[in-house]
Amino acid sequence: MKRKPRPPVEVTIDGLDGDGIGTGLDARGRRWTLRGAVPGSVVLAGGRCGSGTVLGVVQPAVDAVEPRCPVFGTCGGCLYQQVPLERQRAEKHAALTTLLAPLGAPGVGPIGTPGEGYGYRNRMELSFGVDRYLGRAEQARANAGEEIERAGRFLGLHGAGRFDRIVDLDACAIASPALDAVLARVRADVLASPFPTWAPRAQTGFWRHLGLREGAEGVVLLVYTTPGAEAEAAWLVEHAPTWGAAAVLWYTTERTADAAVGDLRAVLHGEPRLAVSLGGVPLTLSPLAFFQVNPTGAELLLRVIRGALRPGEGAPEPADVAPDVAPSGLLLDLYCGVGALGLALHHEFSAVAGIDLVAEGIAEAMRNAALLGVRADYRAGPAEKLLPDLLRDHGCTGAKSQRLAVLVDPPRNGLHPDALAPLCTLDADVLVYVACRPSSLARDGAKLRAAGWRCTGWTAVDLFPHTAHVEVVARFVREPA
Ligand SMILES: C[S@@+](CC[C@H](N)C(=O)[O-])C[C@H]1O[C@@H](n2cnc3c(N)ncnc32)[C@H](O)[C@@H]1O
């Protein structure tokens with residue numbers, strides 16, 4: 001027998017959990033975890049306490065501000081736009097202080113870059129479709145029997161939990177203005193073209209996805225389509241140079257899965273590389289390679305990491321390159337991606353050694369290290385498998401014979417136990433843990449502590465304003481003998 005859905009209940013939101021998710025109590029004293037619920041507000045919640053859904057706002061927080069994004073609430077991103085930026089940071093600080101208590105050290109932040117926290121993203125990925133996702137208000141009207149037009153040609157983000165419905169977007173409040181400018185041009189042109197957008201249920205159509213990335217030379221556009229015929233190719237060749245992008249790359253795919261992947265069919269315009277920089281160090285990357293999505297925030301993050309790698313007590317403070325310091329020792333850059341952080345710090349070390357799972361990222365790291373003249377040893381594969389050999393090959397298994405600094409920047413799940421184990425016994429000067437999911441740091445940090453590492457402090461960086469996410473940098477040193 002089908003269970004009846006539970007009736008919605010009112011929940012008073014009193015804080016965020018350590019990963020930025022709203023939490024609060026209902027009238028029966030049950031604690032709810034509700035994505036996007038704003039502390040200080042009362043919401044109508046459905047589903048289960050541990051993973052409920054906000055169905056509506058009964059009473060906004062007293063200091064609620066008007067969200068800047070026209071599709072706020074429909075898009076499902078940037079859930080905290082209604083909360084003033086300073087309070088977002090205060091709520092995140094309170095949540096982190098509780099969550100990171102097992103580190104046994106003081107923490108500061110999130111600290112952020114100046115401004116209102118909009119227009120920071122240097123990357124967007126959008127999907128084409130034929131069915132528009134309705135916002136709450138429109139859905140309520142549709143439920144009440146009103147005929148609402150939904151079919152058409154759309155470009156935007158998927159509605160929550162819907163692979164087949166698109167939140168139609170012509171701009172994004174957290175995207176850089178340069179991305180929005182190119183998006184407006186390409187969107188108008190493509191949606192007026194003679195070729196259909198992708199219909200996921202019928203699995204037909206030409207336009208699939210659009211990727212936009214901003215680099216030093218402008219916006220690189222990645223256009224994903226089904227293979228098409230000569231007319232489609234001729235149309236793209238004619239129109240691509242008019243969109244104001246620095247480069248336009250065309251990828252085709254016959255896969256039906258909803259993912260922006262494909263084989264490079266042609267470079268329609270410009271140079272197929274993305275030029276970026278971090279800490280004044282120039283890097284050129286494949287337009288598909290990972291790079292920090294908030295470039296201004298990444299500069300602050302890098303300065304905090306640089307401060308954390310230096311001897312010190314308390315929460316790491318942002319630091320700049322010291323001109324008078326001679327490079328020395330080895331930096332282990334684990335989960336290094338394209339090597340951006342380690343290469344940006346290379347002035348301070350004689351050599352850098354890194355590991356990342358993704359071979360393409362490692363190839364980029366090696367190429368950039370060679371261009372910069374950095375002594376580097378990058379290896380592709382799982383850190384949990386490769387770390388023991390890397391440590392042995394660099395003479396790091398016994399008592400320390402040179403300055404040794406470790407930087408770990410793992411994915412959201414944190415360190416694999418087999419990567420954590422050799423770090424627990426490693427004799428190094430400092431271990432800096434960069435966490436994109438603070439609860440993973442709390443778990444791994446407690447194990448490091450039990451193994452004789454002492455956390456001096458942590459500093460959170462507001463890399464993703466208006467969202468639940470936050471980055472934390474924690475410094476660990478060996479407990480004095
Ligand atoms: C948060 S990103 C860090 C990127 C890099 N530090 C940067 O700032 O550009 C996490 C990285 O971990 C890598 N990764 C995921 N699982 C891994 C594993 N088991 N072993 C090694 N690297 C892994 C991913 O490919 C990704 O590049």
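Which residue has a polar backbone atom 2.8 Å from a nitrogen atom of the ligand?

1. The residue in question is A383: one of its polar backbone atoms lies 2.8 Å from a ligand nitrogen. The model is a predicted one, and this distance, like the others below, should be read as a computed value.

2. A polar backbone atom of L357 is 3.0 Å from a nitrogen atom of the ligand, and one of Y335 is 3.1 Å from a ligand nitrogen.

3. The shell around the ligand holds 16 residues. Those that come nearest are Q292, D356, L357, A383 and D409. By class, the shell comprises 10 nonpolar, 3 polar and 3 charged residues.

4. A separate point concerns the second largest pocket, which holds about 720 Å³ of space. Its lining consists of 28 residues, of which V54, G73, G76, L79 and R136 are the closest to the pocket centre. Two elements, β5 (53–59) and α2 (136–143), each give two or more residues to this lining. Strand β5 makes the greatest contribution, with 3 residues.

5. Which domains each supply at least three residues to the lining of the second largest pocket? They are domain 1 (9–99) and domain 2 (123–276). The lining of this pocket divides into 14 nonpolar, 10 polar and 4 charged residues.

6. Rolling a probe the size of a water molecule over the atoms shows where empty space is left. With a threshold of 30 Å³ or more, the count is 1 cavity. The largest cavity contains about 50 Å³ of space.

7. Which residues line the largest cavity? The lining is formed by G395, C396, G398, A399, K400, S401, Q402, L404 and D427. In terms of class, 3 of the lining residues are nonpolar, 4 are polar and 2 are charged.

How values were computed:
Residues numbered from 1 in each chain as written. Predicted model: local features only at pLDDT ≥ 70, side-chain atom pairs only at ≥ 80, totals over all residues. Heavy atoms only, no water. Near = heavy atom within 4 Å. Polar contact = N/O pair within 3.5 Å; in protein donor to acceptor, adjacent residues only side chain to side chain. Nonpolar A, V, L, I, M, F, W, Y, C, P; charged D, E, K, R; others polar. 1 Å grid on protein atoms, 1.4 Å probe; cavity = no way out; pocket = protein on both sides within 12 Å on 5 of 7 lines; lining within 4 Å. Points joined across faces, edges and corners; volume = space filled by probe spheres on them. Helix = DSSP H or I, 4+ residues; strand = E, 2+ residues; numbered from the N terminus. Domains from an automatic or database assignment.
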